[in-house]
Amino acid sequence: MSDLEYDATLTDFLATAVANFPHRPATFFAGETLSYAELDTRIAAAAGALREMGIRPGDRVALVLPNSPQHLIAFFAVLRLGAVVVEHNPQYTAHELAPLFAHHGARIVLVWDQVAAAVDGLASTVIPVSLEAPLPLSGAPVPHREAALADAALILYTSGTTGQPKGVLLTHGNLAANCIQLEAQADLRPGHERFLATLPMFHSYGLTMSVLLAVRCAAEIILLPSPRPAAVVSALAQRRPTWMPGVPTIYERAMNEQAAEPTADLGGVRYAISGAASLPARIIEPWQDRTGGMLVEGYGLTEASPVLTINPLGEGRRVGTIGKPLADTELRIGDPADLDRSQPDGTPGEILARGPQVFGGYLDNPAATREAFHGDWLRTGDMGVREADGHFRLVGRIKEVIITGGLNVFPSEVEHALLSHPAISQAAVAGIPRADGSEDVAACLVLHPGATFDAEALREHCRGLLARYKVPRHFVVQEELPTDQLGKLRRRQVQDILVAAVSSH
């Protein structure tokens, strides 16, 4: 166990930042800043309005908002009342939102005015929010309220591999612990950092790494409503953020954008953290050359608030791994045939985790909660390997393992081989069912601009890196791969594309 103290809540984070750095910029958005004192004043007024509307401790308030100061103010206003935030993707349709609202039962929703029609009839009170005006909530100010670590703070919906959304219930203690663990990994200077929030706040990765951790160290939060490459490069060049969580595509597209605008200086980002997808080695060195900082990979999932591992932000980083567990976080590789047993170093198995950031269960879903745990170990559903030096490496989702001729093929292993070829920009591998119950290995590819595709040359390249049964039998070249808003690969859609392409020939 470490000597870290997990004794602060999310509302404590804000109160401390306001007390110690009242005049420090808290947010930057569309050319305007709010200091921590100004932010706190607006949060207090918004909390007062929500209280006048009947919100009490334990009540749920839904947010359907892009990254913005209005989103941040609404988030902390709900927490100030002891209520629970329910985050939603503002790109969701009414069809997608309806079952989620029926499940959590929030009667008040704050929604981006551009998509307000999507929540019509889903809550008794709908509050449209414009990004060009202050949050339309103002009541008698509510001062800082003490919360307990065990108090629910946030509900996030995740479908995992089942396709059925489940409400992940995270407490103040879970989320605050993850921030404290992350803070211990980096030399973050209270009151002197600038965080780039380009990942969406409705996702646990963006919320914890870009916003909650920023409040913990009284950083300026540079809020971007979407990760458009031009907006990212502009923010990097003009605001000089020092901390930037992202996904591999954000870093690559930002460098491509900067190549077209060589006067844009990306220097200043000391720490860039990549997650949600495997980080190709070819991105790391160019990014570090242009910024002068570090780019490292980490790993987590919504049920863990979300971060479980990170590569050292200093000496000891290992490219190609997800790093080591955070302080007070235990990971082990379970034997798929008997999760009570751990696999020896170097042998794949299911990643099991436990720590203060791990959630206690899904909202009103005891069956799913039971399935999520083996004893007190969270089942991640990911296959991984523990190396002898304590670093962990991902090899794929359990349900995405391809079985060909009775042998297991991990998609990520094949993707790494494909990406090492100079013509390949992106790669996604999936199995195509065969009549005998086995699967063929197939790959969906995106080429680098100007590159030509030669299937046999690519197979020959892979044969030098992989056993022959792992080499893809089918290739499909696409202009882009299907991803979600975070940039995470939609592997089911990849498989559909591959199946359709192969069956048409």
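Which residues does His71 touch, not counting residues up to four places away in sequence?

## His71 and its surroundings

This is a predicted model. In it, His71 touches Leu63, Leu65, Pro66, Glu87, Met201 and Phe202, leaving aside residues up to four places away in sequence. His71 sits in helix H3. Its relative accessible area is 0%, so His71 is buried.

One of these partners has a further link. The side chains of His71 and Glu87 are joined by a polar contact of 2.7 Å.

## Helix H1 against helix H3

Helix H3 spans residues 69-80, and helix H1 spans residues 10-20. The two pack at an angle of about 115 degrees. Their axes are 10 Å apart. H1 and H3 are therefore roughly perpendicular to each other. Their crossing is left-handed.

Which residues meet here? From H1 come Leu10, Thr11 and Leu14. From H3 come Phe76, Leu79 and Arg80. By type, the residues of this contact are four nonpolar, one polar and one charged.

## Glu439 in strand S25

Is Glu439 buried or exposed? Its relative accessibility is 17%, and buried means under 20%, so Glu439 counts as buried. Glu439 belongs to strand S25, which covers residues 439-447.

The contacts of Glu439 come from several parts of the sequence, again not counting residues up to four places away. They include Val401, Ile402, Ile403 and Thr404. Gly431, Ile432, Pro433 and Arg434 are also among them, as is Gln495.

## The loop between S13 and S14

Most residues other than glycine have a negative phi, and most peptide bonds are trans. The loop between strand S13 (294-300) and strand S14 (307-310) holds Pro306. A cis peptide bond joins Ser305 and Pro306. Its omega is about 5 degrees.

Ser305 lies in the loop between S13 and S14. Its phi is positive, near 75 degrees, and Ser305 is not a glycine. Ser305 counts as buried because its relative accessibility is 0%.

## Ala30 in another loop

Where is Ala30 placed? Ala30 is in the loop between strand S1 (25-29) and strand S2 (32-35). Ala30 has a positive phi of about 50 degrees, although it is not a glycine. What of its accessibility? At 68%, Ala30 counts as exposed, whereas Ser305 counts as buried.

Definitions and conventions
Residues are numbered from 1 along each chain as its sequence is written. This is a predicted model: local features need pLDDT of at least 70, side-chain atom pairs count only at pLDDT 80 or more; totals for chains, interfaces and linings use all residues. Side-chain values use heavy atoms; hydrogens and water are left out. Axes are lines fitted to C-alpha atoms, for helices over the stretch in contact, and angles run from 0 to 180 degrees between N-to-C directions. Helices (H or I, at least four residues) and strands (E, at least two) are DSSP runs, numbered from the N terminus. Angles under 35 degrees count as roughly parallel, over 145 as roughly antiparallel, 65 to 115 as roughly perpendicular and the rest as oblique. A crossing is left-handed if the near helix is turned anticlockwise from the far one by less than a right angle, and right-handed if clockwise. Contact means heavy atoms within 4.5 Å. Ala, Val, Leu, Ile, Met, Phe, Trp, Tyr, Cys and Pro count as nonpolar, Asp, Glu, Lys and Arg as charged, and the others, Gly among them, as polar. Buried means under 20% relative accessible area, exposed over 50%, partly exposed in between (1.4 Å probe, protein chains only). A polar contact is a pair of N or O atoms within 3.5 Å; within protein, one must be able to donate a hydrogen and the other to accept it, and residues adjacent in sequence count only if both atoms are side-chain atoms.
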